[in-house]
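Subject: Structure handover and notes

Dear colleague,

I am passing on the structure below, together with my notes on what was found in it. Please read the notes with the structure open beside them.

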Amino acid sequence: MENKISVISIVVEEMESTNAINSILHDFGDYIVGRLGVPYREKGVSIICIVIDAPCDVTSALSGKLGMIKGVKTKSITAKQDN
């Protein structure tokens with residue numbers, strides 16, 4: 001299956017969820033190109049953006065697993081690549 005570049009945005013509303021998030025991201029580490037985390041303490045949330053290079057099913061699996069964690073919301077965007 002063809003790899004595509006995707007961005008997964010993660011909003012963390014419950015800081016107790018960070019260990020579960022990091023564990024899942026570690027499991028998918030071979031696909032992660034970059035990660036940016038921004039703690040927004042004034043609002044009590046953290047925002048994480050993950051850039052991955054992976055097949056669409058892997059992107060969906062990662063986003064879905066993250067989204068099942070209590071206090072976590074995700075949204076993914078996949079680039080259209082015509083090679």
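Ser 17 sits in the loop between strand 1 and helix 1, where helices (H or I, at least four residues) and strands (E, at least two) are DSSP runs numbered from the N terminus. With a relative accessibility of 7%, Ser 17 counts as buried; the classes used here are buried for under 20% relative accessible area, exposed for over 50%, and partly exposed in between, with a 1.4 Å probe and protein chains only. Apart from residues up to four places away in sequence, Ser 17 touches Ile 69, Lys 70 and Val 72, a contact being heavy atoms within 4.5 Å.

Before going further, please note that this is a predicted model, in which local features need pLDDT of at least 70 and side-chain atom pairs count only at pLDDT 80 or more, while totals for chains, interfaces and linings use all residues. Residues are numbered from 1 along each chain as its sequence is written, and side-chain values use heavy atoms, with hydrogens and water left out.

Turning to helix 1, its buried residues are Ile 21, Ile 24 and Leu 25. Seen down the axis of helix 1, these buried residues fall within an arc of 100°, so they line one face of the helix; the arc is that of the directions from the helix axis to the C-beta atoms. An α-helix has 3.6 residues a turn, so residues three or four places apart point the same way. The face of helix 1 turned away from the buried side carries the exposed residues Asn 19, His 26 and Asp 27. The cover over the buried residues of helix 1 includes strand 1, strand 2 (32-40), strand 3, helix 2 and strand 4.

Within helix 1, Leu 25 is buried, with a relative accessible area of 4%. Not counting residues up to four places away in sequence, Leu 25 touches Ile 32, Arg 35, Ile 50, Leu 62 and Leu 66.

For helix 2 (residues 56-67), the length can be checked: at 1.5 Å a residue, its 12 residues should span 16 Å, and the end C-alpha atoms are 16 Å apart, which agrees, the expected span being 1.5 Å times one less than the number of residues. The buried residues of helix 2 are Val 58, Thr 59, Leu 62, Ser 63 and Leu 66. They cover an arc of only 130° around the axis, which puts them on the same side of helix 2. What covers these buried residues includes strand 1 (3-12), helix 1 (18-27), strand 3 and strand 4 (72-78).

How do the two helices pack against each other, and at what angle do the axes of helix 1 and helix 2 cross? The axes come within 10 Å and cross at roughly 165°, where axes are lines fitted to C-alpha atoms, for helices over the stretch in contact, and angles run from 0 to 180 degrees between N-to-C directions. That makes helix 1 roughly antiparallel to helix 2, a label given to angles over 145 degrees.

Lys 65, in helix 2, is partly exposed, with a relative accessible area of 42%. When neighbours within four places in sequence are left aside, Lys 65 is in contact with Ile 24 and Phe 28. Lys 65 and Ile 24 are 41 residues apart in sequence, and their C-alpha atoms are 7.5 Å apart in space, whereas for Lys 65 and Leu 25 the figures are 40 residues and 9.8 Å, again C-alpha to C-alpha.

Val 51 lies in strand 3 (residues 45-55) and, at 30% relative accessibility, counts as partly exposed. Leaving aside neighbours within four places in sequence, Val 51 is in contact with Ile 5, Ser 6, Val 7, Tyr 31, Ile 32, Val 33 and Gly 34; of these, Ile 32 is 19 residues away in sequence and 6.0 Å away in space, C-alpha to C-alpha.

Technical notes. Parallel < 35°, antiparallel > 145°, perpendicular 65-115°, else oblique.
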